[in-house]
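Thanks, everyone. Please look at the chain on the screen while I talk you through a few points.

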Amino acid sequence: MEEKPVKKRNNRKKWLLGTGIGIVVLILIFPFALDFYLQRKLPDVVNSKTPYHLKAQGF
């Protein structure tokens with residue numbers, strides 16, 4: 001029986017496609033994650049580390 005050689009280009013193409021999709025997903029999620037952090041976590045950090053009291057309201 002003859003074994004067919006594995007195509008290395010196909011694997012590279014899948015890897016690049018997966019990496020590209022991952023980067024696009026991260027870029028799309030980043031604004032929502034940043035908004036969540038700024039509304040929920042940042043006021044607590046500012047209030048605990050400084051003498052100022054910060055209150056954030058959503059839109």
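One helix and zero strands: that is the chain. Helices here are DSSP runs of H or I with at least four residues, strands are E runs of at least two, and both are numbered from the N terminus. This is a predicted model, where local features need pLDDT of at least 70, side-chain atom pairs count only at pLDDT 80 or more, and totals for chains, interfaces and linings use all residues. Residues are numbered from 1 along each chain as its sequence is written, and side-chain values use heavy atoms, with hydrogens and water left out.

Now burial. Of the 59 residues, 2% count as buried. Buried means under 20% relative accessible area, exposed over 50%, partly exposed in between, with a 1.4 Å probe and protein chains only.

Next, L38. This residue sits in helix α1, residues 8-49. L38 counts as partly exposed because its relative accessibility is 40%.

Last, H53. It lies in the segment after α1. At 72% relative accessibility, H53 is exposed.
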